[in-house]
Every structure is written in C-alpha cells, then in structure tokens.
Amino acid sequence: MDKFRMIFQFFQSNQESFMNGICGIMALASTQLYSAFDFNCPCLPHYNLAYGLGILLVPPFILFLLGFVLNNNISMLAEEWRRPQGQRGKDPAVLRYMFCSMAQRAMIAPAVWLSVTLLDGKCITCAFCTWVPVGTLGNASHPHLSQGEIQRLLARIPCKEIYDGQELIANEVAVRYLRCISQALGWCFVLLMTTLAFLVRSLRPCFSQAAFLKSRYWSHYIDIERKLFDETCAEHARSFAKVCIQQFFEGMSTDLVAARCHLPRKAPADAGEAAEKLLGITDQGTMNMALKSWHRCKPPLHLHPPALPTGNGWAGEGQPPTHPSAPRKETAAYYSWV
C-alpha cells in the first residue's frame with residue numbers, strides 16, 4: 001500500500017505527472033480492451049474491408065479524443081486562445097507547446113492499440129483476405145468458379161469453420177501470409193514511433209532549448225495561475241457565505257430580542273477574519289465585475305513599476321539594466337508576452 005500511495009502522490013505532484021499517469025492507464029486499458037474484444041469477421045466480400053479497417057482505425061481515433069477530453073489543459077488552452085488581448089499579450093509559442101504536449105500524451109493509447117492490433121493480425125486478415133494472390137499461393141486454375149465465387153470463397157478465410165475453398169487455397173497458407181504482412185507492418189510502426197520519440201527527445205535541445213524552456217515555463221505559469229485564481233475565488237466565496245450567514249443569524253437574533261425573547265449572544269471569533277478575506281468585494285455585482293475584468297484584461301506580468309521593456313530579456317543588447325547605487329537593493333522582475 002505504501003508503494004501505491006507513493007505512486008499516487010507522484011502523479012498528483014504536478015500536472016504533467018498526473019497526465020502521464022492518465023495516459024499510461026489509458027494505454028493499459030486499450031491493451032486489455034483489445035484482448036477482451038470478441039473479434040468476429042463478417043466473412044462477406046463487401047463487408048470485410050470496412051469491418052477490419054474500422055476495428056483498426058476507429059478505436060484509436062476515439063482513444064485520441066478521449067486523451068484530449070481527460071486532459072485538464074484543454075480547457076485552459078481554449079480559454080487562453082479565445083480570451084481577449086487585454087493588458088496581457090498571448091504568446092503563440094506557448095499555445096503551440098501546450099497543444100503539442102497534449103497531443104503527444106493523447107497519442108500514447110492509440111499507438112498502443114495500433115501496435116497490438118497489427119501484431120495480432122486479425123484485422124488485416126479480415127480486411128485484405130480477398131486480396132490474397134491465389135496464383136502464387138494456391139490453384140488459380142480451379143474449374144467451375146467465376147470471379148465472384150472466388151471472391152466469396154476468399155472472404156471466408158478468417159472464418160475457418162465455414163471455409164470450403166481448400167482446393168483453391170489452403171486456409172492456413174492464406175492466414176499465415178496475411179498475418180506475416182500484418183506483423184511486419186506492426187513492427188515497422190513500433191520502430192517508427194520509437195525513432196520519432198528518440199529524435200524528438202534527443203534533437204530538440206540542440207536547436208531551440210531556450211525557446212522550449214520559455215514556453216514550458218509560461219505554460220506552467222498559466223496552469224498555476226489558474227489554480228491559484230480558483231482557490232482564491234473559492235476562499236472568497238466561503239468567506240462571503242460565512243459573513244452572509246452570520247449577518248442572517250444576527251438579524252434573526254435581533255428580531256427575537258425585539259420580540260422579548262432574550263437569547264444569549266456570543267460574537268463569532270472568526271467574523272473579523274472572514275470579513276478581511278472579502279478584500280472589499282461585498283456584493284454580487286462587484287464580484288461579477290471582478291470576474292469579467294480578470295477574463296477581459298488580465299494583469300500584465302511585471303511585478304514592479306519601473307518602466308522597462310515589455311519583451312523577454314533585458315533592455316540593452318545583451319547587457320543587463322543598470323540600477324542606481326543608492327539605495328542598494330536587489331529586485332527581480334519578470335517580463336513576457338504570454
């Protein structure tokens with residue numbers, strides 16, 4: 001149990017770890033789903049191809065969309081993309097980084113499904129059984145069979161119990177031929193995915209590591225800022241509700257006293273603390289105005305008032321800005337177009 005607790009705490013440590021855990025669970029679920037799936041090829045010339053390719057391609061597409069749905073950053077990306085410009089600019093590089101990060105994680109489960117399906121070979125056998133080269137593997141000069149009858153016989157290759165074309169081509173030969181092709185495609189797909197992942201991981205720092213770090217930093221910042229804003233709103237709502245309830249009961253006690261019902265009154269100890277957390281926003285209209293203002297014009301990302309360039313980097317050409325000698329005080333300022 002301690003190991004599971006440590007793994008769960010690691011997944012909750014940050015957003016990326018959580019989404020990596022979700023994608024890993026989806027990958028395992030896709031494997032279990034395929035193993036539990038009852039594959040039944042229709043064994044009809046006009047339906048085998050649609051059924052085989054549907055089982056091969058439709059579930060990965062659903063898993064890809066499900067990976068986006070389960071990713072909490074999709075709403076954050078849409079909100080950042082659609083929000084007004086306001087007092088804070090929008091950096092396209094950060095939006096691209098967020099989208100690519102979500103897409104890479106969402107592709108894990110579909111890639112696992114495609115790999116398992118191709119290596120198993122049932123879908124390819126069902127979809128392309130009518131394309132088996134009878135002249136090479138069987139007896140193409142079988143008498144009394146038209147082209148349509150040959151297609152019907154070949155379409156029954158995945159269904160061994162109803163296949164009756166052993167004189168045309170042996171069932172084991174056709175199945176082994178198609179399964180070898182499917183497994184070759186599966187291993188090529190696995191090799192391609194592994195090579196692409198290796199190239200992305202190894203070559204990316206060689207070209208744009210600074211831009212990558214900047215995009216990653218501000219992506220994390222947007223996520224943390226959103227969480228803190230939600231926590232602040234929840235804390236304000238709790239304090240607002242507490243003060244409203246306290247005022248209601250105080251008004252009720254005042255009415256009861258006026259009606260000559262003497263009740264003991266005790267001032268709540270946390271009334272002042274709850275009132276301080278309201279930060280002067282004490283009515284619904286003001287709170288709605290604050291929420292709209294946060295969406296329309298988020299505050300700019302510089303923490304100190306001195307007029308410095310609003311771009312990434314220092315004011316000079318590669319030189320840090322000079323500070324006055326007195327008073328000697330170290331300050332930090334952060335700038336971005338995010």
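Student: What separates Trp218 and Tyr221 in helix H10?

Tutor: About one helical turn, because the two residues are 3 apart in helix H10. The model is a predicted one.

Student: How many aromatic pairs does the structure hold, and why is the pair of Trp218 and Tyr221 called what it is called?

Tutor: There are 11 aromatic pairs in the structure. In the pair of Trp218 and Tyr221, the ring centres are 5.3 Å apart and the planes stand at 75°. A pair needs centres within 6.5 Å, and planes over 60 degrees apart count as edge-to-face.

Student: Which residues form one aromatic cluster?

Tutor: Phe37, Phe39 and Tyr51 do.

Student: What makes Arg82 count as lying over the face of Trp81?

Tutor: Arg82 is 5.8 Å from the ring centre of Trp81. The cut-off for the distance is 6 Å, with a further limit of 35 degrees from the ring normal. Arg82 is listed as lying over the face of Trp81.

Student: How do you know that Arg88 and Glu225 form a salt bridge?

Tutor: Their closest N and O atoms are 2.9 Å apart. The rule asks for a distance within 4 Å, so the pair qualifies as a salt bridge. The pair links distant parts of the chain, 137 residues apart: Arg88 is in the loop between helix H4 (73–82) and helix H5 (92–106), and Glu225 is in helix H10 (residues 171–258).

Student: Why is Arg88 called buried, and why Glu225?

Tutor: Arg88 has 4% relative accessibility and Glu225 has 10%. Each value is under 20%, so Arg88 and Glu225 both count as buried.

Student: Why does the contact of Asp164 and Arg156 count as a salt bridge?

Tutor: The distance from N to O is 3.4 Å, within the 4 Å limit, so Asp164 and Arg156 meet the rule. Asp164 is partly exposed at 45% relative accessibility, and Arg156 is partly exposed at 29%. By this rule the count of salt bridges comes to 7.

Student: What is listed about the phi of Cys43?

Tutor: Cys43 is not a glycine, yet its phi is positive, about 60°. Most residues other than glycine have a negative phi. Cys43 lies in the loop between helix H2 (15–36) and helix H3 (48–70). Its relative accessible area is 5%, so Cys43 is buried.

Notes: Residues numbered from 1 in each chain as written. Predicted model: local features only at pLDDT ≥ 70, side-chain atom pairs only at ≥ 80, totals over all residues. Heavy atoms only, no water. Salt bridge = Lys/Arg side-chain N within 4 Å of Asp/Glu carboxyl O. Helix = DSSP H or I, 4+ residues; strand = E, 2+ residues; numbered from the N terminus. Buried < 20%, exposed > 50% of the residue type's maximum accessible area, 1.4 Å probe, protein only. Phe/Tyr/Trp six-rings, centres within 6.5 Å; stacked < 30°, edge-to-face > 60°.
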